[in-house]
Amino acid sequence: MTLQEIAEQTVTGLGYELVEIERSAGGLLRITIDLPWTPGLHEQFVNVEDCEKVTRQLQYVLEVEGIEYKRLEVSSPGIDRPLRHEQDFERFAGQVIDVTLKAPIGAAALAGQDAAGGKVAANRKKFRGTLEKAPQGGWQIVWSDEPAPKPGQRVSKKREPAPLQALGFTLDELRDARLAPVVNFKGRGAADA
């Protein structure tokens, strides 16, 4: 069995989801786990005890299978969690994400298929915006290029907001997609207020 198969089988057998496997120089083996997502249920997060349980089981299984590593690190995906599967996109719809395309948007724009209304630089690959289901099927990211107001800055009520732009994409067109690390230092209830 391959390392991917061993880790997948062990992690899912313990009731977790395997997010990522990474091997680094120096023999570091990093395994990222998450709790499985069920639509409609309250979001749960991986804690230290979960990581300890998976670490103990993986150490045993990797030794039995003869997989070489010097150090094993099991962790949660963190605030910049990678999005890889269709279920990840469904789970985080409505969240702010960072997307990197395999090819610049200009390739589609030059062919007359500009998905962002002609306001995007032809060589742009990276976007940050809100993940949404696209009306024509698939996914889209929606953003505004208007800078956020600085703290204490007065904004005129008459000022027109910058138009929203949308870029439709398929999972095959993505090099990388991650949750955007948006940090709020005002406490848990501040986003709702």
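# Working chat: contacts and cores

Me: Where does Ser75 sit?
Reply: Ser75 is in strand β3; helices (H or I, at least four residues) and strands (E, at least two) are taken as DSSP runs and numbered from the N terminus. This is a predicted model, so local features need pLDDT of at least 70 and side-chain atom pairs count only at pLDDT 80 or more, while totals for chains, interfaces and linings use all residues. Residues are numbered from 1 along each chain as its sequence is written, and side-chain values use heavy atoms, with hydrogens and water left out.

Me: And what does Ser75 touch?
Reply: Leaving out residues up to four places away in sequence, Ser75 touches Ile31, Thr32, Ile33 and Cys51. Contact here means heavy atoms within 4.5 Å.

Me: How far is Ser75 from Val54?
Reply: Their C-alpha atoms are separated by 9.4 Å, and the two residues are 21 apart along the chain.

Me: Which residues touch the most other members of the largest nonpolar core?
Reply: Ile31, Ile33, Leu62 and Val74, in a core of 19 residues. A nonpolar core is a set of buried Ala, Val, Leu, Ile, Met, Phe, Trp, Tyr and Cys residues joined through side-chain atoms within 4.5 Å. Buried means under 20% relative accessible area, exposed over 50%, and partly exposed in between (1.4 Å probe, protein chains only).

Me: Which elements give two or more residues to this core?
Reply: α1 (3–13), β2 (28–34), α2 (48–65) and β3 (71–75). The most comes from α2, with 5 residues.

Me: What does Ile31 touch?
Reply: Not counting residues up to four places away in sequence, Ile31 touches Ala7, Val11, Leu18, Glu20, Ile21, Leu58, Leu72, Glu73, Val74 and Ser75.

Me: How many residues are in the second, separate core?
Reply: That core has 17 residues, including Phe92, Ile97, Leu101 and Ile141.

Me: Switching to helices. At what angle do the axes of α1 and α2 cross?
Reply: Roughly 140°, and the axes come within 10 Å. Axes are lines fitted to C-alpha atoms, for helices over the stretch in contact, and angles run from 0 to 180 degrees between N-to-C directions. That makes α1 oblique to α2, where under 35 degrees counts as roughly parallel, over 145 as roughly antiparallel, 65 to 115 as roughly perpendicular and the rest as oblique.

Me: Is the crossing of α1 and α2 left-handed or right-handed?
Reply: Right-handed. The near helix is turned clockwise from the far one by less than a right angle in a right-handed crossing, and anticlockwise in a left-handed one.

Me: Which residues meet there, in α1 and α2?
Reply: From α1, Leu3, Ile6, Ala7, Thr10 and Val11; from α2, Val54, Gln57, Leu58, Val61, Leu62 and Glu65. By class, that contact has 8 nonpolar, 2 polar and 1 charged residues. Ala, Val, Leu, Ile, Met, Phe, Trp, Tyr, Cys and Pro count as nonpolar, Asp, Glu, Lys and Arg as charged, and the others, Gly among them, as polar.

Me: Ile67 next. Buried or exposed?
Reply: Ile67 counts as buried because its relative accessibility is 18%. Ile67 lies in the loop between α2 and β3, and is in contact with Leu3, Ile6, Arg23 and Leu62, apart from neighbours within four places in sequence.

Me: Where is Phe169, and what does it touch?
Reply: Phe169 is in strand β7 (residues 165–169). Phe169 touches Phe89, Leu131, Gly138, Trp139, Gln140, Ile141 and Leu174, leaving out residues up to four places away in sequence. Phe169 is buried, with a relative accessible area of 4%.

Me: What about the place of Ala122?
Reply: Ala122 is in the loop between α4 (106–110) and β5 (126–133). Ala122 is partly exposed, at 47% relative accessible area.

Me: Last one: how many helices and strands does the protein have?
Reply: 4 helices and 8 strands. Of the 193 residues in the protein, 32% are buried.
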